[in-house]
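Thanks for coming. I will keep this to one part of the model and go through the contacts, the strands and the rings in turn.

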Amino acid sequence: MHTGVKVGVFAAALAATFGAAYGAGNAVDPVVAETGTRHGQHAAGPEKERGADAHGEHGEGAAGSGATDHGAATPGGLQVAERGYTLDLKEPDIKAEAPAELRFAIVRDGTGRPVTAYQREHGKELHLIVASRDLTVYRHLHPTRAADGTWSTPVELPEAGGYRVFADFTPKGEKEGLTLGSDLAVTGSAERAELPEHATTATVDGYDVRLDGDLVPGEPGKLSLRVTKDGEPVRDLQPYLGAYGHLVALRAGDLAYLHVHPNGEPGDGRTKPGPEVSFTATAPSKGTYRLFLDFRHEGTVRTAAFTVHAGGSR
């Protein structure tokens, strides 16, 4: 059920709602469990592939895996600064239902200068994810970098409320990637949406996607997604991000970021272009997670979303 909410002086409302732990620039402690099931609708839609926007596989963020309930490591996206790098979001608030531009830089601590050299992993230097705090709105964006190190991308978000911006990248010379996160306030009139309940099937633009497998806290597990259309298996998926699908998982509550990687890639001699796309993922803790699968077929990228529970959480 949706309850209408007017967002007035949004910065104050955001602080009151999420507390200082969610403030930009502060690390957020992981939420170890999410109880209860919420209902709502997924707002992610199709994204038309546009020439230069096509890019290779997204490199796995080392910070986004390996944490457990015992705090072995901090999951990705919970901190605005890590290992000497800071995500500097230039515009921390935008208006809902209006074209806007997100501008940001990855700043090297100690010098204050933006990073201008990145490792290209399968054709891209950096990937940007924007998700609403209620996990009903999700965008995978493709920013461009200016010579001075400033990144920018157009964006239009449909609902007012709190959002999180995630930058996933590997600076040149670093052996491991980072996933940094910063808060974004979207002002305007909002309808509060609840997280859709647990489901292993999703439908988007006439495509049905079925999820098999489980997220297991602290252990790698296989997730398989099968794509069909009009009851027939889709056997001609097109490469997207260097694979036949791209999967991002976000933990409900604190939005801990898990970038999971596909098992196999186009041209390796063993990976078929559908109907199944498989991934390996490790949940950092028990809890409720929202999974977003991007897949491309007939030139269009679509997003299928699922709510799943790790460790028996309900």
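Which residues does Ile 106 touch, not counting residues up to four places away in sequence? The list is Tyr 85, Thr 86, Leu 87, Arg 113, Pro 114, Val 115, Tyr 118, Leu 126, Ala 167 and Phe 169. Contact here means heavy atoms within 4.5 Å.

Some ground rules. This is a predicted model, in which local features need pLDDT of at least 70 and side-chain atom pairs count only at pLDDT 80 or more, while totals for chains, interfaces and linings use all residues. Residues are numbered from 1 along each chain as its sequence is written, and side-chain values use heavy atoms, with hydrogens and water left out.

Now the core. Ile 106 is among the residues with the most contacts inside the largest nonpolar core, which has 29 residues. Others in that group include Leu 126, Leu 128, Val 130 and Phe 169. A nonpolar core is a set of buried Ala, Val, Leu, Ile, Met, Phe, Trp, Tyr and Cys residues joined through side-chain atoms within 4.5 Å. Buried means under 20% relative accessible area, exposed over 50%, and partly exposed in between, with a 1.4 Å probe and protein chains only. Two or more residues each come from strand E4 (85-89), E6, E7, E10, E11 and strand E12 (178-187). Helices (H or I, at least four residues) and strands (E, at least two) are DSSP runs, numbered from the N terminus. There is also a second, separate core of 28 residues, including Tyr 207 and Phe 306.

Next, E4. In a regular strand the side chains alternate between the two faces of the sheet. On E4, Tyr 85, Leu 87 and Leu 89 make up the covered face, and Thr 86 and Asp 88 the uncovered one. E4 runs antiparallel to E6, joined by 5 bridges; two strands pair if DSSP finds at least two bridges between them. In that pairing, Tyr 85 stands opposite Arg 108 in E6. The charged end of Arg 108 also sits over the ring of Tyr 85, 4.4 Å from the ring centre. The test is NZ of Lys or CZ of Arg within 6 Å of the ring centre and within 35 degrees of the ring normal.

What cluster do the ring pairs make? They link Tyr 85, Phe 104, Tyr 118, Trp 151 and Phe 169. Rings of Phe, Tyr and Trp (its six-membered ring) pair if their centres lie within 6.5 Å; planes under 30 degrees apart are stacked, over 60 edge-to-face, and the rest tilted. The structure has 7 aromatic pairs. One of them is Phe 104 with Trp 151, stacked at 6.3 Å centre to centre and 10° between the planes. Phe 104 is in strand E6 (residues 100-108) and Trp 151 in strand E10 (residues 150-155), so this pair ties together parts 47 residues apart in sequence. Trp 151 is buried, at 3% relative accessible area. Tyr 118 and Trp 151 pair edge-to-face, 5.5 Å centre to centre with 80° between the planes.

Last, the open sheet: 5 strands in the order E5-E12-E11-E7-E8, with mixed pairing. Its edge strands are E5 (93-95) and E8 (138-141), each pairing on one side only.
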